[in-house]
Amino acid sequence: MKLWPFSKSPAWNEVIYWALDLETSGLSHDDQILSVGMVPIRKGIIEFGAHYYSLVRPIRPGALSAEGIKAHHILPGELDSAPPLEQVLEEIKARIGHGALLLHYSSVDLSFLQRYFHATGKPWVRPVVVDTVVLLARLGERRRQLEPHAKPFPTGLAAARATFGLPGHLEHHALWDALATAELFLVLRHELQARTLRQLI
């Protein structure tokens, strides 16, 4: 992760956050990116109209399984006409190169992004990463200081949202999961009373 290029951490709402979610063919090293959803937060406000969403043409055959189709509902014919991975990675790079990357379970999506940036010969931009699961853990620690027997917050995206009264959403769709992550982030930022970017990473 790169250091934020300021001597003093900026206020949290001076940063552009790009909430990102990937749908993949699985979680193993050989699995592929099938779709990308990105939603920006500017000045503390979700700008859904500026979202980015794309399916991704697989770089190797056999990307879809019957089990996967049941989860993400992406069909082979849709991927045949989708943009190639290199083009989609350029779109991602253009967005996260000057802001913070907002993820839920950052290790999963980061591993895919880093792997495929490397595989396509593109330099990884090393963005500042904010992870809503980390923020959930941090908030849970604060709660346990007041209530020692309090249970940890659930870390699943839908369950975590429900804990804070956020509505259900269409799961396993990259764009709607990105939006769901952005909404959860704003709630967690408020609960933590974080005032700077450094307090969120």
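Asp 131 caps the N-terminal end of α5, with a side-chain oxygen 2.8 Å from the backbone nitrogen of Val 133. Such a polar contact is a pair of N or O atoms within 3.5 Å, where within protein one must be able to donate a hydrogen and the other to accept it, and residues adjacent in sequence count only if both atoms are side-chain atoms. The model is predicted, so that local features need pLDDT of at least 70 and side-chain atom pairs count only at pLDDT 80 or more, while totals for chains, interfaces and linings use all residues. Residues are numbered from 1 along each chain as its sequence is written, and side-chain values use heavy atoms, with hydrogens and water left out.

Helices (H or I, at least four residues) and strands (E, at least two) are DSSP runs numbered from the N terminus. The 15 residues of α5 should span 21 Å at 1.5 Å a residue, and the end C-alpha atoms are 22 Å apart, which agrees; the expected span is 1.5 Å times one less than the number of residues. Thr 132, Val 133, Leu 135, Leu 136, Leu 139 and Gly 140 of α5 are buried, that is, under 20% relative accessible area with a 1.4 Å probe and protein chains only. Because the buried residues of α5 fall within an arc of 155 degrees seen down the axis, they line one face of the helix; the arc is that of the directions from the helix axis to the C-beta atoms. These residues pack against β5, β6, α6 and α7.

Strand β5 is covered on both faces, with Ala 100 and Leu 102 buried on one side and Leu 101 and Leu 103 on the other. Its pairings, which require at least two DSSP bridges between two strands, are as follows.

| Strands | Sense | Bridges | A residue pair |
|---|---|---|---|
| β1 and β5 | parallel | three | Ala 19 and Leu 102 |
| β5 and β6 | parallel | four | Ala 100 and Val 128 |

The largest nonpolar core has 25 residues, of which Tyr 17, Leu 102, Val 130, Leu 135, Phe 185 and Leu 200 touch the most other members. A nonpolar core is a set of buried Ala, Val, Leu, Ile, Met, Phe, Trp, Tyr and Cys residues joined through side-chain atoms within 4.5 Å. Helix α7 gives the largest share of this core, six residues. Leaving aside neighbours within four places in sequence, Phe 185 is in contact (heavy atoms within 4.5 Å) with residues including Trp 12, Ile 41 and Thr 132.

Key. Buried means under 20% relative accessible area, exposed over 50%, partly exposed in between (1.4 Å probe, protein chains only).
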